[in-house]
Amino acid sequence: MWAGAWFDVGALPGETVSVGAAINQFASAVAGWSGTSPRRGMRWTSGIGVQPLGNLPGGTDSFA
């Protein structure tokens, strides 16, 4: 993410790729996904780090 300088929010465990799709105005929360197939929805928050968002019932792919 960009917050005056590039900052790596990381990826979910077992993944090497992550994409941030949205960031709040304070650069303290990012939403996106980690992985490529299937994608795993995730969020990053300052102080907590990367967390999975899970899938909807019956789903195998998610993103935020």
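Here is a short walk through this structure, from the whole chain down to a single residue.

The model is predicted, so local features are given only at pLDDT of at least 70 and side-chain atom pairs only at pLDDT 80 or more, while totals for chains, interfaces and linings use all residues. Residues are numbered from 1 along each chain as its sequence is written, and side-chain values use heavy atoms, with hydrogens and water left out.

Let us begin with the chain as a whole. Its secondary structure comes to zero helices and four strands, where helices (H or I, at least four residues) and strands (E, at least two) are DSSP runs numbered from the N terminus. Along the sequence the pattern reads β-β-β-β. The C-alpha trace spans about 40 × 20 × 20 Å along its principal axes. Of the 64 residues, 20% count as buried, meaning under 20% relative accessible area, with exposed being over 50% and partly exposed in between (1.4 Å probe, protein chains only).

Now follow the strands. They make an open sheet in the order β1-β2-β3-β4, with antiparallel pairing; two strands pair if DSSP finds at least two bridges between them. Because β1 (18-23) and β4 each have a single partner strand, they stand at the edges, and one side of each is left without a neighbour in the sheet. From one strand to the next, the twist averages 30 degrees, with axes being lines fitted to C-alpha atoms (for helices over the stretch in contact) and angles running from 0 to 180 degrees between N-to-C directions.

The hairpin of β3 and β4 has three residues between the strands, and G47 in the turn shows a positive phi of about 90 degrees.

Finally, zoom in on T45, which is found in strand β3. Is T45 buried or exposed? T45 counts as buried, because its relative accessibility is 17%. In β4, its bridge partner is G49. Leaving aside residues up to four places away in sequence, T45 touches S28, A29 and Q51, a contact being heavy atoms within 4.5 Å.
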